[in-house]
Amino acid sequence: MSGNEQAEQEKAKLDGNVEGEQYSIKIKGVAKRNGLTTFLCGVAALFVAIMLLAFLPNSLYLIGVFALSASIVTMLIGWFKVREPVHSIELTKTHILYNHRHGKWALEWSNIQRVDVPKVSQGVEQINLGMVGIKIKQYEPLLKSISPRLATNLLLEQRPLLLQNNQCVGGGCYSNTLIENDTYKTSEGKIIKGIPAMLANRMSKLRAGLGFDIFISVGELDRSSEEFVGLLRECLDSVNGPSID
């Protein structure tokens, strides 16, 4: 099936209702694929490694140790894959739902201002960051939907993105950007404190440097970042009407 045909089917699925039941588009990330298979391969390799350690002569002992280490690493990779949610992203007629092993967040289509693939300049070239960026209108609805555990994880995961800020290319201001203020004032004047406030301040910094507030890694998608941006834009047009960039 071509990419255009897949996009048309997904858009029709989002728009359609059968017997009053609302459909949704569910995205299964590549990070989830072959998790159980990888884990079982690691288990099988572990038994082989144990047999090698038991029967190989001492002169070949290091081979058994290497095989044992490789099997343990394979098992860990498989285990982390199994722990990932079945669907990393779900698109409904009202919102985007992002699923992570540490929690989830929800974002209504009406609160999305822009979606695109973030790029940074290196000399005369524009480098794709391998992510999808979402610029939102108001932080508070997102902050209410996100779990504290996921918010904390995002603060850690998105640290490398701070280095993409053109003002911090040399790393001179990197240390200052790592610590976020635990108080945030919304555009309506409301004061937010704690982890949600730290995440809001982080999103403000990322918006200033990269133009977006929330980022989704391509590893959590089942297609390229450009194709996913196209799908999101079609959903936005379907729900909110055609937008003008």
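Modeller: What follows is a conversation about the sheet, the salt bridges and the nonpolar cores of this predicted model.

Colleague: What makes S7, S10 and S13 a sheet, and what is the order of the strands?

Modeller: Two strands pair if there are at least two bridges between them. Strand S7 (residues 112–116) and strand S10 (residues 131–136) are joined by four bridges and run antiparallel, and four bridges likewise join S10 to strand S13 (residues 214–217), again antiparallel. Both pairs therefore meet the requirement of at least two bridges, and the result is an open sheet of three strands in the order S7-S10-S13. Because S7 and S13 each have a single partner strand, they stand at the edges, and one side of each is left without a neighbour in the sheet. Neighbouring strands here are turned by 20° against each other on average, direction ignored.

Colleague: Which residues stand opposite one another in these strands, for instance opposite Asp 116?

Modeller: Asp 116 stands opposite Gly 133 in S10, while Arg 114 has Lys 135 of S10 as its bridge partner. On the side of S13, Val 132 is partnered by Ile 216.

Colleague: Why is the contact between Arg 233 and Asp 116 called a salt bridge?

Modeller: The closest N and O atoms of Arg 233 and Asp 116 are 3.4 Å apart, and the rule asks for a side-chain nitrogen of Lys or Arg within 4 Å of a carboxyl oxygen of Asp or Glu, so the pair qualifies. The pair links distant parts of the chain, with Arg 233 in helix H9 (residues 225–240) and Asp 116 in strand S7, 117 residues apart. Arg 233 counts as partly exposed because its relative accessibility is 32%, which lies between the limits of 20% and 50%, and Asp 116, at 22%, counts as partly exposed too. By this rule the count comes to eight salt bridges.

Colleague: How do you know that Glu 140 is buried, and which salt bridges does Glu 140 form?

Modeller: Buried means under 20% relative accessible area, and Glu 140 has a relative accessibility of 18%, so Glu 140 counts as buried. Its side chain meets that of Lys 144 in a salt bridge of 3.6 Å, N to O; being four residues apart in helix H4 (residues 139–145), the two are separated by about one helical turn. Lys 144, with a relative accessible area of 63%, is exposed. Glu 140 also forms a salt bridge with Lys 190, where the closest N and O atoms are 2.8 Å apart. That pair joins helix H4 to the loop between strand S11 (183–185) and strand S12 (191–193), 50 residues apart, and Lys 190, at 41% relative accessibility, counts as partly exposed. Elsewhere, salt bridges that share partners join Arg 114, Asp 116 and Arg 233 into one network.

Colleague: What makes a group of residues a nonpolar core, and how many residues has the largest?

Modeller: The name is given to buried nonpolar residues joined through side-chain atoms within 4.5 Å. The largest such core has 38 residues, and those with the most contacts inside it include Ile 96, Trp 105, Ile 134 and Phe 228. H9 contributes the largest share of this core, six residues. Leaving aside neighbours within four places in sequence, Ile 96 is in contact with residues including Ile 89, Leu 91, Trp 109 and Leu 232. Apart from this core lies another, of seven residues, among them Val 120, Leu 162, Phe 212 and Phe 215.

Definitions and conventions:
Residues are numbered from 1 along each chain as its sequence is written. This is a predicted model: local features need pLDDT of at least 70, side-chain atom pairs count only at pLDDT 80 or more; totals for chains, interfaces and linings use all residues. Side-chain values use heavy atoms; hydrogens and water are left out. Buried means under 20% relative accessible area, exposed over 50%, partly exposed in between (1.4 Å probe, protein chains only). Contact means heavy atoms within 4.5 Å. Axes are lines fitted to C-alpha atoms, for helices over the stretch in contact, and angles run from 0 to 180 degrees between N-to-C directions.
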